[in-house]
Amino acid sequence: QVQLVESGGGLVQPGGSLSLSCSASRSTLDDYVIGWFRQAPGKEREGVSCISRDGSGTQYADSVKGRFTTSKDSARSTVYLQMNSLRPEDTAVYFCAAYPTTFQELCLVTMPSDQYDFWGQGIQVTVSS
């Protein structure tokens, strides 16, 4: 069982930056792909990024490519989502999620959300002037 906790959300102006953290309590993230998802009101949950077990593989949705970066600190059992050049359309509740895998270097940002076994509670990100 993996318990995930997101932190770092909030209100930011367009063009600004935020960094989200996803921390695992009482466990390691080394056996899992970690994905970031977001859901805006009235919209489907969208995969934003993912990072592989060993942290070497990352993928991003086209909507955030070049603006968002995900990274992993195994010693702290924490995955980060650095969000730059934020836009109003990035406003959503952001979730991190995990699923176990034997593949060290692979993740797919298109992996459906129902393939993820463990989820954080979500955190609000609002981009507004």
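Author: A salt bridge here is a side-chain nitrogen of Lys or Arg within 4 Å of a carboxyl oxygen of Asp or Glu. Please keep in mind that this is a predicted model.

Reader: OK, so how many salt bridges does that rule give?
Author: By this rule the count comes to six salt bridges. One of them brings together the side chains of Asp31 and Arg53, at 3.3 Å from N to O. Asp31 is in the loop between strand 3 and strand 4, while Arg53 is in the loop between strand 5 and strand 6 (58-60), so this pair ties together parts that are 22 residues apart in sequence.

Reader: What does Asp90 pair with?
Author: The side chain of Asp90 meets that of Arg38 in a salt bridge of 2.9 Å, N to O, and this pair links distant parts of the chain, with Arg38 in strand 4 and Asp90 in the loop between strand 8 and strand 9, 52 residues apart. Asp90 also forms a salt bridge with Arg67, at 2.7 Å from N to O. Since Arg67 lies in the loop between strand 6 and strand 7, that pair ties together parts that are 23 residues apart in sequence.

Reader: How are these residues placed, buried or exposed?
Author: Asp90 has 0% relative accessibility and counts as buried; Arg38 is buried with a relative accessible area of 6%, and Arg67, at 7% relative accessibility, counts as buried as well. Salt bridges that share partners join Arg38, Arg67 and Asp90 with Glu46 into one network.

Reader: You mentioned strand 4; which strands does it pair with?
Author: Strand 4 runs antiparallel to strand 9, to which eight bridges join it, and antiparallel to strand 5, with five bridges. Phe37 has a bridge partner on each of these strands, namely Phe95 in strand 9 and Gly47 in strand 5. Strand 4 is mostly covered, as seven of its eight residues are buried.

Reader: What sits between strand 4 and strand 5?
Author: The two strands form a hairpin with six residues between them, and Gly42 in the turn has a positive phi of about 75°.

Reader: Switching topic: what is the order of the strands in the open sheet?
Author: Four strands form that open sheet in the order 1-3-8-7, with antiparallel pairing. Strand 1 (3-7) and strand 7 (68-73) are at the edges and have a single partner strand each, so one side of each is left without a neighbour in the sheet. On average, neighbouring strands of this sheet are turned by 15° against each other, direction ignored.

Reader: How many bridges join strand 7 to strand 8?
Author: Six bridges join strand 7 to strand 8 (residues 78-83), and Thr69 stands opposite Gln82 in strand 8.

Reader: Last one: which residues have the most contacts inside the largest nonpolar core?
Author: They are Leu4, Met83 and Tyr94, in a core of 30 residues. The elements giving two or more residues to this core include strand 3 (18-25), strand 8 and strand 9 (92-100). Leaving aside neighbours within four places in sequence, the contacts of Met83 include Leu18, Leu20, Arg67, Phe68, Tyr94 and Val125. A second, separate core of nine residues includes Phe37, Cys50, Phe95 and Tyr116.

Technical notes. Residues are numbered from 1 along each chain as its sequence is written. This is a predicted model: local features need pLDDT of at least 70, side-chain atom pairs count only at pLDDT 80 or more; totals for chains, interfaces and linings use all residues. Side-chain values use heavy atoms; hydrogens and water are left out. Two strands pair if DSSP finds at least two bridges between them. Axes are lines fitted to C-alpha atoms, for helices over the stretch in contact, and angles run from 0 to 180 degrees between N-to-C directions. A nonpolar core is a set of buried Ala, Val, Leu, Ile, Met, Phe, Trp, Tyr and Cys residues joined through side-chain atoms within 4.5 Å. Buried means under 20% relative accessible area, exposed over 50%, partly exposed in between (1.4 Å probe, protein chains only). Contact means heavy atoms within 4.5 Å.
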